[in-house]
Amino acid sequence: MTVLQELLHDRVGLDDAAVEHLQQLLADWQILADLSFADLLLWVSYDDPSGVPSYLCVGQMRPYTAQTVYTDDQVGRVYEVAQRPMVGRAFSERRVIRDADPDWSTGVPVRAEAIPVRLADRIVAVVTREANVSTARAPSQLELTYLQSAGELAQMVADGTFPYPGGTHEREDSPRVGDGIMRMDADGVVTYASPNAISAYRRLGRLDRLVGQNPFQFDPEAVELTGALHDGYPVDSEIEQHGVVTLRRMLPLTAEGETIGALLLVREVTELRRHERALRVKDATIREIHHRVKNNLQTVASLLRLQSRRLRSDEARDALMESERRITSIALVHETLSQESRQRVHFAKVARRIFEMLTEGLMSSDADIAIEMEGDPGELRAEVATPLALVLTELVQNSLEHAFPGDDGVRRGQITVCFERGPSTLGINVNDDGVGLPDGSSLSELANLGLQIARTLVESELGGTFSASSPQEGTAIELLIPLP
């Protein structure tokens, strides 16, 4: 549950429809803050535990285009109704409330405005626009366009038409107000274009003056823009021409059910897309390398398997089979990396494949040994996952081979592998309920080559700790590995 959902559900009690509407508003109100040169605060009615009628701030947005009024976060703060009279007026009068005189209570002159947030026929919240006017001066044409558009968007919030019902929301790479903005009238004719917007279209090859033209005269895919203007729904799209890539975001402006104009935000992202393509090529290359390493390791494992079949010595055959399993466990990590777009693996997937490999290779038909996994190791970097896969193979294999001798003719028992992921460490416990260690002996005294490999990898390569104990039943091995 998000902070907003927690505030609205638990502390305010708004229904799901109101919560969803406010979430959509918060997802798309950066443009209103930027056009307004103002901080936005979102208020809901709140019954304070003391019984005093109050307002609770559940959202805040600072502008990119002006200095913020609030350096401290206001979300979660409660104000008595008397401290926010404009909010109360917006709730009761159901219209935009403007304050003619600046408020000096914060130490700087702040001009405020309260905008009711309408959902169907009810007011579910109020947005205040609070702008620092200490540096006020004669506005430029750009600033006048911003403020005019901000006023129309604010009225759409009060009318319940912004955020757009079922419309697209601002994405991480969506163009912002400062990237480039064009204002169009109801017929789609450009009435203002910022210098950045003009530059973006010139890079697309449009050298003519944009003001006074409609999209068919300057945009390569004008049908999308005119369709959005006609239907009253926003459009996010990307166009590419002459090797130049530009993002466009069309926001129709409406009043009393009629389209009165539109804002077109544009952003030239050629270099960004070029870098993304280069990264995709790099990722594909890395995955292909892991795939080839996996294939080579599987080839080596197959050669060892063939060689073991030609040997007459059981000891030599067993040694080659152990080497084959070690190589296969490393190949599993590279196989997983070849399927991922990042150099990290979900180690639980690798662990399960290791358990399957060991079960198929070491358990005979008369064995009844279960391997259980508890906890989630999460994602691990390749340099941790590769040696850890080999360590896990050795420890589980050691339990399968030595913990359950099957004195009654049936080898039965359970091996439990527990993962405990911490902020900077990974704990691993490998426990079995087998015969345990002989009395008076330690694991270091009895350690075979496999356990020696596991200890060396944990302590030397992974920088962790390796300890073993013999509880009342079976053997327990504990690993603690620092995570980079």
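Colleague: Which residues is Leu 395 in contact with, leaving aside its neighbours within four places in sequence?
Modeller: Val 430, Leu 451, Ala 454, Phe 466, Ile 477 and Leu 479. Contact means heavy atoms within 4.5 Å.

Colleague: What sort of model is this, and how are residues numbered?
Modeller: The model is predicted, so local features need pLDDT of at least 70 and side-chain atom pairs count only at pLDDT 80 or more, while totals for chains, interfaces and linings use all residues. Numbering starts from 1 along each chain as its sequence is written, and side-chain values use heavy atoms, with hydrogens and water left out.

Colleague: Back to the core. Which residues touch the most other members of the largest nonpolar core?
Modeller: Phe 347, Leu 392, Leu 395, Val 396 and Ile 428, out of 43 residues. A nonpolar core here is a set of buried Ala, Val, Leu, Ile, Met, Phe, Trp, Tyr and Cys residues joined through side-chain atoms within 4.5 Å. Buried means under 20% relative accessible area, exposed means over 50%, and partly exposed is in between, with a 1.4 Å probe and protein chains only.

Colleague: Which elements give two or more residues to this core?
Modeller: H9, helix H10 (347–362), strand S13 (367–374), H11, strand S15 (411–421), strand S16 (425–432), helix H13 (449–461) and strand S18 (475–482). H11 gives the most, with eleven residues. Helices (H or I, at least four residues) and strands (E, at least two) are DSSP runs, numbered from the N terminus.

Colleague: What about a second core?
Modeller: A separate core of 41 residues includes Leu 22, Leu 32, Leu 35 and Leu 119.

Colleague: How do the axes of H11 and H13 cross?
Modeller: They come within 9 Å and cross at roughly 150°. Axes are lines fitted to C-alpha atoms, for helices over the stretch in contact, and angles run from 0 to 180 degrees between N-to-C directions. The crossing of H11 and H13 is left-handed. That term applies if the near helix is turned anticlockwise from the far one by less than a right angle, and right-handed applies if clockwise.

Colleague: Which residues make the contact?
Modeller: On H11, Pro 387, Leu 390, Val 391, Glu 394, Leu 395 and Asn 398. On H13, Gly 450, Leu 451, Ile 453, Ala 454, Leu 457, Val 458 and Glu 461. By class, the contact of H11 with H13 has nine nonpolar, two polar and two charged residues. Ala, Val, Leu, Ile, Met, Phe, Trp, Tyr, Cys and Pro count as nonpolar, Asp, Glu, Lys and Arg as charged, and the others, Gly among them, as polar.

Colleague: And H9 with H11, left-handed or right-handed?
Modeller: Right-handed. The axes of H9 (residues 314–339) and H11 (residues 382–402) come within 9 Å and cross at roughly 140°. By class, the contact of H9 with H11 has seven nonpolar, four polar and five charged residues.

Colleague: Strands now. Do S13 and S15 pair in the parallel or antiparallel sense?
Modeller: Parallel, over eight bridges. The bridge partner of Ile 369 in S15 is Gly 413. Two strands pair if DSSP finds at least two bridges between them. S15 and S16 run antiparallel and are joined by seven bridges, and a hairpin connects S15 to S16 through three residues.

Colleague: What is the strand order in the open sheet of six strands?
Modeller: S3-S2-S1-S6-S5-S4, with antiparallel pairing. Strand S3 (78–80) and strand S4 (97–98) are at the edges with a single partner strand each, so one side of each has no neighbour in the sheet. S1 (residues 39–47) and S2 (residues 53–61) pair over eight bridges in the antiparallel sense, and Ser 45 stands opposite Tyr 55 in S2.

Colleague: Which strands does helix H5 lie across?
Modeller: S5 and S6, and H5 (residues 141–159) runs at about 40° to S5.

Colleague: Last one. Is Ser 308 buried or exposed?
Modeller: Buried, with a relative accessible area of 2%. Ser 308 is in helix H8 (residues 270–310).
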